[in-house]
Amino acid sequence: MNFTYTEDQLAIKDVADKIFRDMAADDKVKECFSEDKPFHKALWKTLGESGLIAATLPAEIGGSEMGMTELSLVIEAQGTSVAPIPFVETVVECAMPIAKFATAELQQRVLPSVNAGDAVLSAVRPYEGLRDVKPLTAVVDGDNWVLNGVSGLVSYAPLASGFLVIAHNESNKGGSWVGYCDASISGLTQVAQNSTTSEAVAQLTFENVIVAVKDVIAVDEKANELIEWQVQRAFAAIASQQIGVLKDGLRRAAEYTTERKQFGRPLSKFQAVAQQAADAYMAIEALRGVCWRALDDLDSGRDAALSARVAKFWVCEAGHIAGHIFLHIHGGIGQDLDYPLHRYFTWAKRNENYLGAATKQSVALGDIIKEAPEKVAI
């Protein structure tokens, strides 16, 4: 593994850092979160115009054909600012799988507006939770497919123009189905939900939604391949975002404890405070190490099933350790909603739970290792 960035990668990092620094300062992010549906539209448009949204997409649809490592630098910069934009949801979970697995017609119909920063996509998965609701299912009906069921906490759903939908294939028990649905498709309804980060999320209900065959992306074995491909990249992307969130949360804690005095000296001079900050720093660097491994596996074409889930496990571990530490170090002001730190804590917890928390990742890792113990030695 190469631990240094290339000149091109550093250039991308510089551009991303500057955009987020200039457009997503604390006051602007606070203003965005005061809206009914928080979304930094101007920032999203700028990222599109700069080519960063399309960085990993094929050239024929306006992309730059870069790797996940380059994209991770943009996503980390977003985490540093906790700006309300659906970069992981739109780019990694939707646009990239569409570019990889969908027909050229669907790509050309959906992706140009996304690349330009004019549209938002979001990923929809079958409901998993305590409520007794029907999870998303797809059944073949002549040349079309029919979707029924529920999906909850769909990020940025109220702002999305379309959805990459994953469902159970009722026509083949145990199979999977992946397709694309416009947000305005007949039979699809939304109910707004609350999220810990105040992001715009919704519960989606599909009632006899007819999906034309041209919008079906993958079924059964091919669908399972797409889902695993998507999940591996989503885990690496979330890890990159979490690094940015935790890094900046700890930076703010360092600044606060340097300025805040107790008993006549800065809080940073107290050994207990310094030890906690060191623990948070080590957790963040552990996350960075496993994230780099997952990115390297993905960009080198190796199987990242193990490394991506290790990265997601450390998203949870580092998020819990560092998040609680930088919140605790701030004392009462860390709980103040007028102060920016609370967003870093809630974002860390959101990343921790998104697509499965530590226990779920541990079980998945155990299954992989049980099936192929040799993967651990790679």
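1. Arg-125 is located in the loop that joins β1 (121–124) to β2 (137–141). The model is a predicted one, and the remarks below should be read accordingly.

2. With which side chain does the side chain of Arg-125 make a polar contact? The partner is the side chain of Glu-93, at 2.6 Å. Once neighbours within four places in sequence are set aside, the residues in contact with Arg-125 are Glu-93, Leu-136, Val-150, Ser-151, Ile-166, Gln-230, Tyr-354 and Leu-355.

3. The largest pocket holds about 1200 Å³ of space. Its lining comprises 37 residues, and those closest to the centre are Arg-125, Glu-128, Leu-355, Gly-356 and Lys-360. Two or more lining residues come from each of β1, β3, β4 (162–169), α7, α10 and α11 (358–371). By residue class, the lining consists of 15 nonpolar, 14 polar and eight charged residues.

4. Helix α10 covers residues 341–353, and the distance between its end C-alpha atoms is 19 Å. This agrees with expectation, because 13 residues at 1.5 Å a residue should span 18 Å.

5. How many of the 13 residues of α10 are buried? The number is 12, and the helix is thus mostly covered. The buried set includes charged side chains such as Arg-343, Lys-349, Arg-350 and Glu-352, together with Tyr-344, Phe-345 and Trp-347. Among the elements that cover these buried residues are α2 (26–33), α4 (68–81), α5 (87–101), β3 (144–155), α7 (221–259) and α9 (305–330).

6. Helix α8, residues 271–299, contains 29 residues. From its first C-alpha to its last it reaches 42 Å, close to the expected 42 Å at 1.5 Å a residue. Gly-301 follows this helix and has a positive phi, near 80°.

7. Against which elements do the buried residues of α8 pack? They pack against α4, α7 and α9. The buried residues of α8 include Val-273, Ala-280, Ile-284, Leu-287 and Leu-298, and Arg-288 and Asp-297 are also on the list.

Notes. Residues numbered from 1 in each chain as written. Predicted model: local features only at pLDDT ≥ 70, side-chain atom pairs only at ≥ 80, totals over all residues. Heavy atoms only, no water. Helix = DSSP H or I, 4+ residues; strand = E, 2+ residues; numbered from the N terminus. Expected span 1.5 Å × (residues − 1). Buried < 20%, exposed > 50% of the residue type's maximum accessible area, 1.4 Å probe, protein only. Contact = heavy atoms within 4.5 Å. Polar contact = N/O pair within 3.5 Å; in protein donor to acceptor, adjacent residues only side chain to side chain. 1 Å grid on protein atoms, 1.4 Å probe; cavity = no way out; pocket = protein on both sides within 12 Å on 5 of 7 lines; lining within 4 Å. Points joined across faces, edges and corners; volume = space filled by probe spheres on them.
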